[in-house]
Amino acid sequence: MAAFQSAFLFPPNRWHNHAPSIVECPNGDLLVCWFSGSGEREADDVQILGARKRAHHSKWSQPFLMADTPNYPDCNPCLFIDPRQRLWLVWITILNHRWEGSLLKYRLTRAYQRQLAPRWQEGEVFHISPDAKFVAKVEAYVQRQRERVTQVPPEHRPRFEAYLERILQYAHDELSRRLGWMTRQPPLILGNRLWLPLYSDGFDCSLIAISDDGGDTWRLSEPILAPGAIQPTLLKRKDGTLVAYMRDNGPPPNRIWMAVSHDEGFTWSEPVKTTIPNPGSSVAALALRTGEWVLVCNDTEQGRHQLAVLVSTDEGRSWRTARYLERESSGTGRFAYPTLIQARDGTIHVVYSHATERGSTIKWAQFTREWLLEG
């Protein structure tokens with residue numbers, strides 16, 4: 001293959017096409033999904049669409065339906081293949097046109113390679129039930145932050161205090177604890193263990209669903225609490241440390257958040273801001289089989305007009321910008337919400353939302369490790 005190639009999955013159109021996810025099937029096919037409609041949480045016509053690129057074919061299929069709850073918005077799809085080679089689709093249905101009213105759902109199947117669209121064999125609500133330990137963690141966090149509130153710049157203090165009051169109120173309400181959990185990035189899978197990243201716009205925090213049996217049963221981590229630290233993407237260091245990189249929806253400076261876990265993801269350090277800019281946009285991370293880490297993000301404090309590929313050779317302790325997938329002037333486009341995988345042939349695949357004055361689509365890029373490191 002060429003060192004780099006890219007393509008639109010379909011011509012730009014008037015719909016809002018956003019938040020793609022990608023997997024490589026055992027037969028070598030690439031399968032991508034995203035949500036599409038006239039808006040996001042407030043648009044009842046939003047559905048989950050998909051497209052397939054057959055192994056050794058150059059063209060993507062026409063989009064096809066993956067999931068649709070009539071008269072409700074379906075958003076934030078996440079695709080992955082579990083250790084038993086079952087394909088999962090996890091996504092949200094918005095019950096009340098607010099992110100806090102999201103209902104997490106899943107479908108899975110073994111019948112996803114011959115036909116164009118997967119034929120789903122199972123499906124259910126993905127129940128997320130934070131318990132008393134979650135409440136205690138939020139209470140302790142709020143208490144600590146109230147003691148530090150004088151360290152917050154005066155112009156940000158009212159918003160920060162309102163955030164603390166809100167998450168405390170949500171923690172004490174059982175329905176608020178159980179609704180609003182959403183996916184963005186696929187799980188980290190090592191052996192039979194899966195770490196599925198979740199987040200909540202109501203709590204403005206992240207959470208990890210952990211399975212030790214290939215996805216049959218799940219346990220929840222403690223919350224990863226910081227104002228606006230959401231949409232985690234997970235990597236694991238050679239010493240066993242789990243690292244979460246998160247979007248920054250909080251007050252300035254706008255930087256990617258990072259937290260670590262030393263107990264297999266059940267408890268997490270208090271997040272800290274890295275030096276990498278973030279305009280309040282999703283990030284995606286991947287550990288290559290050769291040891292380098294790759295991070296795809298909007299490396300700006302404002303706007304999504306640049307989409308950078310960063311590389312680390314020391315497991316995230318330092319990063320350098322290797323390449324740009326998109327780099328335009330501010331206000332001329334939105335290129336965001338990447339997801340990336342490394343295929344069995346070693347090439348790296350990225351899909352992301354691509355919107356310009358011509359319309360909205362999903363873009364796919366494939367490149368080699370050598371092309372990336374030579375950047």
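Ring pairs join Phe80, Trp88, Tyr106, Phe126 and Trp218 into a cluster. The whole structure holds 16 aromatic pairs, a pair being two rings of Phe, Tyr or Trp (its six-membered ring) with centres within 6.5 Å. This is a predicted model, in which local features need pLDDT of at least 70, side-chain atom pairs count only at pLDDT 80 or more, and totals for chains, interfaces and linings use all residues. Residues are numbered from 1 along each chain as its sequence is written, and side-chain values use heavy atoms, with hydrogens and water left out.

**Aromatic rings and charges**

- Phenylalanine 10 and tryptophan 34 form a stacked pair, because their ring centres are 5.2 Å apart and their planes meet at 25 degrees; planes under 30 degrees apart count as stacked, over 60 as edge-to-face and the rest as tilted.
- Phenylalanine 10 is in the loop between strand E1 (4-8) and E2, and tryptophan 34 is in strand E3 (residues 30-37), so this pair links distant parts of the chain, 24 residues apart.
- Phenylalanine 10 and tryptophan 34 are both buried (under 20% relative accessible area, with exposed meaning over 50% and partly exposed in between; 1.4 Å probe, protein chains only).
- Arginine 14 lies over the face of tryptophan 15, 4.2 Å from the ring centre.
- Arginine 323 has its charged end over the ring of tryptophan 371, at 4.2 Å from the centre; the criterion is NZ of Lys or CZ of Arg within 6 Å of the ring centre and within 35 degrees of the ring normal.

**Largest pocket**

- The largest pocket contains about 900 Å³ of space.
- Its lining has 30 residues, of which Pro187, Ile189, Leu286, Ile341 and Gln342 are the closest to the centre.
- A pocket is an open set of points on a 1 Å grid over the protein atoms alone, where a 1.4 Å probe fits, with protein on both sides within 12 Å along at least five of seven lines; lining residues have an atom within 4 Å of a point.
- Grid points are joined across faces, edges and corners, and the volume is the space filled by probe spheres set on them.
- At least two lining residues come from each of strands E2 (16-24), E6 (74-81), E11 (188-190), E15 (229-236), E19 (284-287) and E23 (334-342).
- Strands are DSSP runs (E, at least two residues), as are helices (H or I, at least four), numbered from the N terminus.
- The lining of the largest pocket comprises 21 nonpolar, 4 polar and 5 charged residues; Ala, Val, Leu, Ile, Met, Phe, Trp, Tyr, Cys and Pro count as nonpolar, Asp, Glu, Lys and Arg as charged, and the others, Gly among them, as polar.

**Second largest pocket**

- The second largest pocket has a volume of about 460 Å³.
- Among its 25 lining residues, Ala209, Trp218, Arg219, Leu220 and Ser221 are the closest to the centre.
- Strand E8 (102-109), helix H1 (132-147), strand E13 (205-211) and strand E14 (219-220) each give two or more residues to this lining.
- The lining of the second largest pocket divides into 13 nonpolar, 5 polar and 7 charged residues.
- Serine 221 lies in the loop between E14 and E15 and is buried, at 6% relative accessible area.
- Leaving aside residues up to four places away in sequence, serine 221 touches Leu207, Ile208, Ile210, Gly265, Phe266 and Trp268 (heavy atoms within 4.5 Å).

**Backbone**

- Alanine 19, in strand E2, has a positive phi near 60 degrees and is buried at 0% relative accessibility.
- Histidine 56 has a positive phi of about 70 degrees and is exposed, with a relative accessible area of 84%.
- A cis peptide bond, with omega about 0 degrees, joins proline 252 and proline 253.
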